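Biologist: I am new to this structure and would like to learn how to read it. Could we go through some of its features together?

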Amino acid sequence: MSENLSKLTKFGVSIWLDDISRERLRTGNLAALIREKNVTGVTSNPTIFASALSKGDAYDTQLHDLAVRKVSVDEAVRAITTFDIRWAADVLRPVYDATSGVDGRVSIEVDPRLARETEATIAEARALWWLVDRPNLFIKIPATVEGLPAITAAIAEGISVNVTLIFSLERYRAVMDAWLDGLEQAKAKGLDLSKIESVASFFVSRVDSEIDARLDKIGTSEALELKGKAAVANARLAYAAFEEVVNTPRWQELRAAGARPQRPLWASTGTKNPDYPDTLYVDELVTAGTVNTMPEKTLNAVADHGRISGDTIRPFYEAAWNAMAALKNIGIDYDDVVRALEDEGVDKFAASWNELLETVTTELGKAR
């Protein structure tokens with residue numbers, strides 16, 4: 001195992017892979033990553049599935065069977081994606097058992113076209129939880145305003161949730177409040193709180209992409225010096241908000257009843273600007289009790305030349321606040337940035353879902 005990946009684990013960061021495919025599963029690649037690169041979880045999203053379906057022949061047999069049965073395209077997509085998720089969950093089950101359910105998790109997202117529909121998201125979460133039927137599953141629910149009550153409802157029913165598409169500190173606090181509401185309702189029902197896990201996926205690289213573009217438009221030397229500073233600062237302040245919540249009497253009471261913390265998960269950690277170090281959003285976001293979900297390219301880069309030097313979050317809160325203040329002073333409207341990023345994120349995942357539907361439609365036609 002890479003010394004850098006060993007260091008990440010030592011410092012309390014869970015390494016998850018932001019990718020899944022039938023090919024990766026059937027070749028044993030995921031199992032190899034667990035053994036050799038300390039991968040302890042998997043996340044998926046519509047874009048990842050759309051990419052997987054467009055490559056190779058791993059799905060051909062199942063597509064043929066679905067075509068013969070004349071199932072709808074929506075049903076076919078669910079059959080295909082949940083098959084992969086169940087398989088990955090089984091591969092990761094030993095990790096789940098060894099970590100008492102903390103890691104060894106696999107995430108599947110609710111239909112992103114429902115991101116603005118609370119009741120439909122709740123129904124979808126229930127359906128996926130039942131369909132996959134694995135204790136190490138996470139249901140991904142977007143952190144839209146409409147998604148917040150769905151998060152509460154799912155957790156209240158004992159469904160483990162990966163809250164996705166979090167960009168703003170204000171929304172992150174609302175996510176944590178929704179999570180606590182769900183745990184309190186689950187407790188009132190007599191559910192075993194220790195079985196209800198959750199992570200909050202705070203998106204990183206996209207923040208720099210959006211703010212850097214705005215800094216380029218401002219164009220002054222002061223503005224350009226702030227490029228590449230926002231995403232890490234924003235994530236560090238998210239962890240500060242997490243620390244505030246887990247020090248409240250409200251959380252302490254739930255913890256005493258067996259609840260586990262909703263770990264911050266750093267998502268979108270592959271750098272999009274080639275001028276930045278390709279391990280930037282891993283090296284600079286290290287602290288205990290967090291998850292970093294990486295594309296394989298980033299995972300390999302960290303293994304090869306990551307700079308893992310200890311806690312790079314908690315000692316830098318003041319610097320993070322100063323960076324965000326400087327961005328505000330230069331004319332960056334934070335609220336507008338995170339609103340644009342959320343809208344873009346929802347739209348991109350919906351577009352990827354539609355691409356997935358189109359791909360499956362085409363493949364079903366070939367199979368018939």
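Biologist: Let us begin with Asp212. Which residues does Asp212 touch, not counting residues up to four places away in sequence?

Modeller: Contact here means heavy atoms within 4.5 Å. By that rule, and leaving out residues up to four places away in sequence, Asp212 touches Lys227, Gly228, Asn273 and Tyr276. Before we go on, please keep in mind that this is a predicted model, in which local features need pLDDT of at least 70 and side-chain atom pairs count only at pLDDT 80 or more, while totals for chains, interfaces and linings use all residues. Residues are numbered from 1 along each chain as its sequence is written, and side-chain values use heavy atoms, with hydrogens and water left out.

Biologist: Where does Asp212 lie?

Modeller: Helices are DSSP runs of H or I with at least four residues, strands are runs of E with at least two, and both are numbered from the N terminus. Asp212 lies in helix α10, which covers residues 205–218.

Biologist: Is Asp212 buried or exposed?

Modeller: Buried means under 20% relative accessible area, exposed means over 50%, and partly exposed is in between, using a 1.4 Å probe and protein chains only. Asp212 is buried, and it has no salt bridge.

Biologist: Which residue does Lys227 meet in a salt bridge?

Modeller: Lys227 meets Asp216, with N to O at 3.1 Å. This pair links distant parts of the chain: Lys227 is in the loop between α11 (221–224) and α12 (230–246), Asp216 is in helix α10, and they are 11 residues apart. Lys227 counts as partly exposed at 26% relative accessibility, and Asp216 is partly exposed too, at 41%.

Biologist: How many salt bridges does the structure hold?

Modeller: There are 32. One of them joins Asp84 and Arg22, whose closest N and O atoms are 2.3 Å apart. Those two also link distant parts of the chain, with Asp84 in helix α6 and Arg22 in helix α2 (residues 22–26), 62 residues apart. Both Asp84 and Arg22 are buried. In another salt bridge, Arg24 meets Asp19 at 2.6 Å, N to O, and Arg24 is buried with a relative accessible area of 11%. Salt bridges can also join up: Arg116, Glu146, Arg171, Glu342 and Asp343 are linked in a network of them.

Biologist: You mentioned α6. How do I read the way α6 and α17 cross?

Modeller: Axes are lines fitted to C-alpha atoms, for helices over the stretch in contact, and angles run from 0 to 180 degrees between N-to-C directions. Under 35 degrees counts as roughly parallel, over 145 as roughly antiparallel, 65 to 115 as roughly perpendicular, and the rest as oblique. The axes of α6 (residues 73–98) and α17 (residues 334–367) come within 9 Å and cross at roughly 100°, so the two helices are roughly perpendicular to each other.

Biologist: Which residues meet there?

Modeller: Among those of α6 are Val73, Val77 and Ile80, and α17 brings residues including Trp353, Leu356 and Val360.

Biologist: How enclosed is helix α8?

Modeller: Nine of the 10 residues of α8 (residues 147–156) are buried, so this helix is largely enclosed by the rest of the structure. Its buried residues pack against α7 (118–132), β4 (137–142), β5 (161–166), α9 (169–188) and β6 (198–203). Just after α8, Gly158 takes a positive phi of about 90°.

Biologist: Which residue other than glycine has a positive phi?

Modeller: One of them is Asp133, with phi near 55°. Asp133 sits in the loop between α7 and β4 and is exposed, with a relative accessible area of 56%. Ser268 has a positive phi of about 55° as well, yet Ser268 counts as buried at 12% relative accessibility. Its place is the loop between β7 (263–267) and α14 (280–283).

Terms used. Lys and Arg count as positive and Asp and Glu as negative; His and the chain ends are not counted. A salt bridge is a side-chain nitrogen of Lys or Arg within 4 Å of a carboxyl oxygen of Asp or Glu.
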